[in-house]
Amino acid sequence: MLRRHAGRVRYEPADRVWFAALARLLPRRRWTEIFPVTPTTLLAWHRKLAAMKYDTSKRRKPGRPPTVPGIARLVVRLATENPLWGYRRIHGELTKLGLAVSPSTVWEILHAAGIDPAPRRSGPTWRQLLQDQAAGILAAGLPAPAGCTSAA
């Protein structure tokens with residue numbers, strides 16, 4: 001009853017690093033005399049350390065990092081509250097606030113949010129504008145421009 005079973009010794013990752021580093025300094029034939037683990041285990045630990053050094057799965061992916069969501073929300077808010085501002089004006093306002101965002105990024109944010117460019121946000125489309133202009137010219141009794149046909 002007084003005898004307890006301690007079980008197998010589990011080495012922490014830091015211990016494994018030290019053992020693997022020391023193993024590089026000592027000749028392989030002496031490993032069995034010095035280390036409390038087998039040479040196969042030491043080599044396996046060393047392989048894992050080398051694999052971790054060259055593991056690129058946790059590194060940043062190539063390309064430009066995404067825009068911060070807070071800046072994207074601010075761009076959309078500025079565009080909705082100021083319908084006459086274009087992406088360059090919004091870029092200028094963000095620059096005044098000390099936020100470094102390119103004009104093309106502002107345009108991409110507005111495009112992704114489904115917000116049209118500034119002149120078309122709150123007014124008629126080009127087709128509606130031209131039809132209204134043509135109707136106004138005809139109503140005023142002015143001669144129609146060359147090449148313009150109307151069914152009026």
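This is a predicted model: local features need pLDDT of at least 70, side-chain atom pairs count only at pLDDT 80 or more; totals for chains, interfaces and linings use all residues.
Residues are numbered from 1 along each chain as its sequence is written. Local features need pLDDT of at least 70, side-chain atom pairs count only at pLDDT 80 or more, and totals for chains, interfaces and linings use all residues, while side-chain values use heavy atoms, without hydrogens and water.

Helices are DSSP runs (H or I, at least four residues), numbered from the N terminus. In helix α1, Phe 19, Ala 20 and Ala 23 are buried (under 20% relative accessible area, with exposed over 50% and partly exposed in between; 1.4 Å probe, protein chains only). Viewed down the axis, the buried residues of α1 fall within an arc of 95 degrees (taken from the directions from the helix axis to the C-beta atoms), so they line one face of the helix. The face turned away from this buried side carries the exposed residues Trp 18, Arg 24 and Leu 25.

The whole structure contains 4 salt bridges (a side-chain nitrogen of Lys or Arg within 4 Å of a carboxyl oxygen of Asp or Glu). One of them joins Arg 77 and Glu 81 at 2.9 Å, N to O; these residues are 4 apart in helix α4, about one helical turn. Glu 93 is buried at 17% relative accessibility, whereas Lys 96 is exposed at 66%. Salt bridges with shared partners link Arg 89, Glu 93 and Lys 96 into one network.

Thr 105 lies in helix α6 and is buried, at 13% relative accessibility.

Notes:
Helices (H or I, at least four residues) and strands (E, at least two) are DSSP runs, numbered from the N terminus.
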